Amino acid sequence: MRIGELSERTGTPRRLLRYYEEQGLILPDRCANGYRSYDERLVDRVLQIRGLLDAGLPTRVIKRILPCLDKPRLIHFSDATPEMIATLENERDRMTRRIDCLTRNRDAISEYLDAVIGNHTSS
């Protein structure tokens with residue numbers, strides 16, 4: 001598929017897709033005419049990258065963990081440094097705190113809606 005279709009299917013601007021390519025996060029094929037050709041599997045890859053970026057991970061970390069997204073049961077990093085492990089542990093813990101906060105907020109909204117809807121229907 002061409003970059004426009006990948007952009008449309010993922011909701012990702014073309015410029016951002018080119019940036020992902022520059023960062024080595026996605027690797028399109030090149031046609032004989034020089035145009036980029038994006039494999040179908042890159043739709044999910046782009047969505048994963050966007051989710052990780054939204055979670056606050058920098059592209060340099062995302063690039064290192066992308067192999068884990070393809071084959072999560074076959075993870076083997078011979079080059080995992082203590083710094084990389086510490087970075088990933090910190091990111092995981094930060095995400096856990098964010099999830100906990102979002103869960104509390106969702107539960108508070110649910111309780112509020114239950115109270116409002118309950119009061120509204122009993123009137």
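How many residues apart are R94 and E91 in helix α5? Select both and look. They are three residues apart, so about one helical turn separates them. Keep in mind that this is a predicted model.

**Stop 1: a pair on α5**

Show the side chains of R94 and E91. They form a salt bridge, and the closest N and O atoms are 2.9 Å apart. An α-helix has 3.6 residues a turn, so residues three or four places apart point the same way. Now color the pair by accessibility. R94 is partly exposed, at 27% relative accessibility. E91 is buried, with a relative accessible area of 15%; the cut-off for buried is under 20%.

**Stop 2**

Select I109, Y112, L113, V116 and I117. Together they make a nonpolar surface patch of about 500 Å². I109 is exposed, with a relative accessible area of 52%.

**Stop 3**

Next, select E5, R9 and E40.

- E5 to R9: the closest N and O atoms are 3.6 Å apart. The two residues are four apart in helix α1, so about one helical turn lies between them.
- R9 to E40: here the closest N and O atoms are 2.4 Å apart. This pair links distant parts of the chain, since R9 is in helix α1 and E40 is in the loop between β2 and α3, 31 residues away.

What are their relative accessible areas? E5 has 39%, R9 has 37% and E40 has 47%. Each counts as partly exposed. A search of the whole structure finds eight salt bridges.

**Stop 4: the two faces of α2**

Move to helix α2, residues 14-22. Select L17, Y20 and E21, which are buried. They sit on the same side of α2, because they cover an arc of only 100° around the axis. Turn the helix over. The face away from the buried side carries the exposed residues R15 and E22. What covers the buried residues? The cover includes α1, β1, β2 and α3. Past the helix, find G24, whose phi is positive, near 80°.

**Stop 5: the core**

Finish with the largest nonpolar core, which has 18 residues. Those with the most contacts inside it are L6, L17, Y20, I26, Y38, I49 and I62. Helices α1, α2, α3 and α4 each supply at least two core residues. The largest share, five residues, comes from α3. Last, select I26. Among the residues it touches are L17, Y20, Y38 and I49.

How values were computed
Residues numbered from 1 in each chain as written. Predicted model: local features only at pLDDT ≥ 70, side-chain atom pairs only at ≥ 80, totals over all residues. Heavy atoms only, no water. Patch = residues over 30% accessible without salt bridge, like charges linked within 9 Å, V, L, I, M, F, W, Y side chains within 5 Å. Areas by Shrake-Rupley, 256 points an atom, 1.4 Å probe, with all protein chains shown as cover. Salt bridge = Lys/Arg side-chain N within 4 Å of Asp/Glu carboxyl O. Buried < 20%, exposed > 50% of the residue type's maximum accessible area, 1.4 Å probe, protein only. Arc of directions from axis to C-beta. Contact = heavy atoms within 4.5 Å. Core = buried A, V, L, I, M, F, W, Y, C linked by side-chain atoms within 4.5 Å.
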